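User: Can you walk me through the side-chain contacts in this one? Charged pairs to begin with, then the rings.

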Amino acid sequence: MPIVLEENMMLKTRVKVSSIDNLSDARYCAGMGVDWLGFALHEMPLNKYKEIRNWLSGVEIVAELSGLSADQMKEIVQNYAPDWIEVDSRAQLPRLLELDIPKMMRVNIDADNLPALFATAAPYVNYFLLVADSPDSLQGMEAQIETWAAQYPVILGLELPEEDLEEWVEQSSIQGIGLTAGQEDRPGFRDFTDLMSILEKLETE
């Protein structure tokens with residue numbers, strides 16, 4: 001049956017859930033206290049997005065605009081009116097300064113030159129969402145990530161062992177956790193086991 005949550009929960013840190021494309025995930029995450037819901041708005045019809053957004057409260061919408069030009073991003077912001085935009089290239093950032101909207105930048109620990117990227121993009125963005133190509137990318141990088149997070153506003157979107165989750169949240173300098181949504185089994189029906197186990201660990205007592 002569809003998920004119905006009466007009031008938003010409180011989490012120990014800020015959380016962004018990426019790649020949402022259905023109402024079930026959006027409402028579930030909002031009810032669990034997630035701060036940001038990420039949508040690839042350039043791939044979603046405007047009427048579908050409006051229907052989903054009308055059901056939501058207490059969350060901010062992030063337009064995930066990977067691979068788009070600055071002009072395409074501006075058009076999405078004008079038509080969809082998201083609360084944030086997320087980019088994956090620093091090349092567009094200077095041209096996006098005229099957009100009065102907070103920005104995230106998706107950076108890849110396996111592919112990007114992160115020290116240079118952090119330094120040059122920091123004046124333009126509010127947060128860096130740190131992701132990876134492999135579930136094993138975190139191994140051996142813990143100290144380096146902490147160094148970056150102490151200098152820049154990092155949301156950790158790498159795959160974390162659940163037993164290490166609270167330690168990262170409570171003892172590191174990261175400013176949030178990034179998760180990824182799944183797929184509906186059919187419209188209105190979704191198994192939330194994967195998200196639930198992580199979000200429940202982040203729930204305040």
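Analyst: Terms to begin with. A salt bridge here is a side-chain nitrogen of Lys or Arg within 4 Å of a carboxyl oxygen of Asp or Glu. This is a predicted model: local features need pLDDT of at least 70, side-chain atom pairs count only at pLDDT 80 or more, and totals for chains, interfaces and linings use all residues. Residues are numbered from 1 along each chain as its sequence is written, and side-chain values use heavy atoms, with hydrogens and water left out.

User: How many salt bridges does a search of the whole structure find?

Analyst: The search finds 10. One of them joins Arg14 and Glu60, with the closest N and O atoms 3.8 Å apart.

User: Which parts does that pair tie together?

Analyst: Arg14 lies in strand β1 (residues 14-18) and Glu60 in strand β3 (residues 60-64), so the bridge ties together parts 46 residues apart in sequence. Strands (E, at least two residues) and helices (H or I, at least four) are DSSP runs, numbered from the N terminus.

User: What about Lys16, which residue does it bridge to?

Analyst: Lys16 pairs with Glu64, closest N to O 2.5 Å. Again β1 is linked to β3, here across 48 residues.

User: Are Lys16 and Glu64 buried or exposed?

Analyst: Both are buried. Buried means under 20% relative accessible area, exposed over 50%, partly exposed in between (1.4 Å probe, protein chains only).

User: And Asp71, where does its partner sit?

Analyst: Asp71 meets Arg95 in a salt bridge, 2.7 Å from N to O. Asp71 is in helix α3 (residues 70-80), while Arg95 is in the loop between β4 (84-87) and β5 (103-108). Asp71 is partly exposed at 45%, and Arg95 is partly exposed at 43%.

User: Which residues do shared partners join into one network?

Analyst: Lys16, Glu64, Glu86 and Arg106.

User: Now the rings. How many aromatic pairs?

Analyst: There are 9 in the whole structure. Rings of Phe, Tyr and Trp (its six-membered ring) pair if their centres lie within 6.5 Å; planes under 30 degrees apart count as stacked, over 60 as edge-to-face, the rest as tilted. Tyr49 and Tyr80 make a tilted pair, 5.5 Å between centres and 50° between planes. Tyr49 is in helix α2 (residues 46-53) and Tyr80 in helix α3, 31 residues apart.

User: Why is the Phe118 and Phe128 pair called edge-to-face?

Analyst: Their planes are at 85°, so the pair is edge-to-face; the centres are 4.8 Å apart. Both residues are buried. With Trp148 and Tyr152, Phe118 and Phe128 form one aromatic cluster.
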